[in-house]
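Please keep the sequence and structure in view while reading.

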Amino acid sequence: MVPRNTARTGVFTALRVRDYRIYWSTGLVSNIGSAMQGVALDWFVFDLTHSGTAVGWAAGLQFAPVLLFGLWGGVLADRYDRRALLLWAQSLYAVQAVLLTVAVLSGHAPLWSVYLLSFGLGCVFTVENPARLSFVFELVGPALIPNAAGLNILSLNAARLIGPAIAGVLIGLIGPGGVFAVNAVSFVAVTLGLLTIRPRTPTPGTSGAGAPSGQKPGSEPEPVRRSRWAGAGAEGLRYVAARPELAGVLALFGLVATFAVNFPTTLTLFAGRVFDVGSSGLGFMSTALSVGTVAGTLAATRRAAPRVRTVVVGAVLFGMSEAVAALMPSYTTFLILLLPTGFALMTLNTAVSAFVQSEVTDAMHGRVMAIYTVVSMGGAPLGGPAIGWISQHAGVRWGLASGATAAVLSALAVALLLSRRRGTTAPGRASRAWVAAGPPVAPLRTRTTSPPPRDPAPSLSSAHADPCVPRTPSTGGNPHD
């Protein structure tokens, strides 16, 4: 099994790895450019149509492919070399930005073309996101995955703080078309970075230096099994369903993301209907929430291997902070409560990302991260209208509080279900984990050269491992440090 390392680590430990440092720094440049384009695109559509519905469609079409083709994006990430997929994705992102630039600057950008390019952007994201999340494992290995996952989220949050501010200035100076051009150039940085890095673990369809679990040291490494097309998406779902902890964490995160993370709707309504602070007040709300998210991400990256307990506690704290914020009588106190709310949200988000990536075999990484992407984004079309309806008929405070209640209840339900499973499937067994891994299974028929590590409760990643799917063993350290 892969033993859990619960020791704390430095905030930027994973950046000691040369390849990951290049990948993270160039990715930050690209993320800032993408955040700039998002603001510029929303402004261009609004200026073109003066319709909030049109802006919503432009944003929604970027996420529609995640729901339609999300699982197949994960299949591609498991079937083909992930660095090659990322290079293709960055090229297609750049092409989309160039087409937007040419269309806008030439004055020939009808609304349908913007919709089409937005949908195309979402299609690329459907493949790029699971490939990007899985590729990190190849750069840092299992020991540093939790820290690297937190740093990835930190990059996105930092980009959301910096990008919109730069875009606001540039839109006034060079217009939306100029911002699209800047974003197109930003993809050059991450492309050059990908060309200079060398993954340290085997990629799908290739051989690598690390011997899979059960293989004799010094023997010829076996190639990583390439996933088949037929039923590959369903295989990913079965893989998650067979691991109660993994399924519980993803289900909890999906419910929280669907009903409790609707800040574009709730904060706008609080600014306009409750406190009457206008767009500038809404901007301060977004800033306060973002500051909390950055602080929460920095704190979460110090934990080497989050457990289910971390995820559950993060969801409860997030829901409670959000509920208290909904009761705040003044704008100032509401603003203050957004700081711990953002902090708890990123504690949860980082813990889920790190837990999922730590519990998955490399051969299934892409498909499971595709499920993670669908879970984290796919519920917005359901949760947004539901919270909006409650806010419209019962009041904005009730809308925010109902989402918070859903987060707390979901966390308690998942904790209860996993605790009951522990009591019914493994009575009397001591465990270092907060909940048990699941029902006992027959041992894998693999050859080993040393006795297995002593662990009273094996993790799901080993207890239910597929003997046909090799897993990169944990080295307990990082050879690049």
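## A nonpolar surface patch

Phe69 is partly exposed because its relative accessible area is 38% (buried means under 20%, exposed over 50% and partly exposed in between, with a 1.4 Å probe and protein chains only). Phe69 belongs to helix 2, residues 52-79 (helices are DSSP runs of H or I with at least four residues, numbered from the N terminus). Together with Leu67, Leu68 and Trp72, Phe69 makes a nonpolar surface patch of about 410 Å². Patch residues have over 30% relative accessible area and no salt bridge, and nonpolar side chains are joined within 5 Å; a salt bridge is a side-chain nitrogen of Lys or Arg within 4 Å of a carboxyl oxygen of Asp or Glu. Areas come from the Shrake-Rupley method with a 1.4 Å probe.

## Basis of the model

The model is predicted: local features need pLDDT of at least 70, side-chain atom pairs count only at pLDDT 80 or more, and totals for chains, interfaces and linings use all residues. Residues are numbered from 1 along each chain as its sequence is written, and side-chain values use heavy atoms, with hydrogens and water left out.

## Aromatic pairs

The structure holds 8 aromatic pairs (ring centres of Phe, Tyr or the six-membered ring of Trp within 6.5 Å; planes under 30 degrees apart are stacked, over 60 edge-to-face, the rest tilted). One of them joins Phe253 and Tyr372, which count as stacked because their ring centres are 5.8 Å apart and their planes lie at 5°. Phe253 is in helix 7 (residues 244-259) and Tyr372 in helix 12 (residues 365-378), so this pair ties together parts 119 residues apart in sequence. Both Phe253 and Tyr372 are buried.

Phe270 and Phe334 also form a stacked pair, 4.5 Å centre to centre with 15° between the planes. Phe270 sits in helix 8 (residues 263-274) and Phe334 in helix 11 (residues 331-358), so the pair ties together parts 64 residues apart in sequence. Phe270 is buried at 0% relative accessibility, and Phe334 is buried with a relative accessible area of 0%. Phe270 and Phe334 form one aromatic cluster with Phe275 and Tyr331.

## A charge over a ring

Arg243 lies over the face of Tyr239, 3.7 Å from the ring centre (NZ of Lys or CZ of Arg within 6 Å of the centre and within 35 degrees of the ring normal).

## Thr350 in helix 11

Helix 11 also contains Thr350, which is buried with a relative accessible area of 1%. Leaving aside residues up to four places away in sequence, Thr350 touches Gly150, Ile153, Thr297 and Ala300 (contact means heavy atoms within 4.5 Å).

Notes:
Patches are made of residues with over 30% relative accessible area and no salt bridge: like charges are joined within 9 Å, nonpolar side chains (Val, Leu, Ile, Met, Phe, Trp, Tyr) within 5 Å. Helices (H or I, at least four residues) and strands (E, at least two) are DSSP runs, numbered from the N terminus.
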